Amino acid sequence: MRKMKFYKITIAFAFIFGLLFGVTTFQSEANAATTKANVSQHLYKGVKFLKYPQVSGLTSKTAEKKINASLLGAAKKSYKAYLEVKKQEKEAKGDKNCKDFPSSCHYEYQSLYKVKYNTSGKLSILYTDYQYTGGAHGISAVTSYNYSLSSGKQYKISDILKTKSNFAKVQKYAYKYFSSHEPYSYFVNKVSDVPVNKNTQFYFTKGGIYLIFQEYEVGPYAAGNPTIKIPSSLYK
């Protein structure tokens, strides 16, 4: 009888322990998935024009290292481009046109970023590289960096729009919007005027994603970087 009672107690204890362990593991995974990153600003090699972010406070230090390495890699590319622009500026200043119009030969290069989403286990950062090398105005290029805070994985748009059908649906949806709203409607006349492909930049938002386009891509320069929200119901 005692052996039977001991056996039952052991089984009950094992069940409770397993349940508690499972809950703890689940909570740990949930915490890792919902951790909000602390994002801090840094200057690459101390250059005040080259700003880039780094993250901290993540449950997974492996994920933290992967994300920071990726963002540092973006800063390194910007620094390389910055040096090239400064080299071009130095060469241009010897030109006669620069002597006549010195302001047009004051070249610029800047990198800056914005945190667009930082919750529910995901982080989206828009990284902008701006350069001016003469002319009426400079030009910017926007790159999105989207991460899982639990694994450090960097999401590509193909991770979100997983099929050709999804890409086609989203492109048609974006086309309908831009073709019916000024000032984009002057530039968008057919579906192909709104490119949605593996190179399209995006960032997470509640209930879906935002697509973000480059300057001149779907509108005039004055429109900057047009965006459009894509509800998740369209691609899930």
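1. A salt bridge is taken here as a side-chain nitrogen of Lys or Arg within 4 Å of a carboxyl oxygen of Asp or Glu. Side chains of opposite charge can pair when their charged atoms come close. By this rule the structure holds 4 salt bridges, and three of them are described below.

2. The model is predicted, so that local features need pLDDT of at least 70 and side-chain atom pairs count only at pLDDT 80 or more, while totals for chains, interfaces and linings use all residues. Residues are numbered from 1 along each chain as its sequence is written, and side-chain values use heavy atoms, with hydrogens and water left out.

3. D159 and K153 form a salt bridge through their side chains, at 3.9 Å from N to O. D159 is partly exposed at 26% relative accessibility (buried means under 20% relative accessible area, exposed over 50%, and partly exposed in between, with a 1.4 Å probe and protein chains only). K153 is likewise partly exposed, at 38%.

4. A salt bridge also joins E89 to K86, with 2.9 Å from N to O. Both residues belong to helix α2 (residues 61–92), where they stand 3 residues apart, about one turn of the helix; helices are DSSP runs of H or I with at least four residues, numbered from the N terminus. E89 is buried, at 6% relative accessibility, whereas K86 is partly exposed at 32%.

5. In the pair K190 and D193, the closest N and O atoms of the salt bridge are 3.3 Å apart. K190 is partly exposed, with a relative accessible area of 47%, while D193 is buried at 18%.

Note on methods: Helix = DSSP H or I, 4+ residues; strand = E, 2+ residues; numbered from the N terminus.
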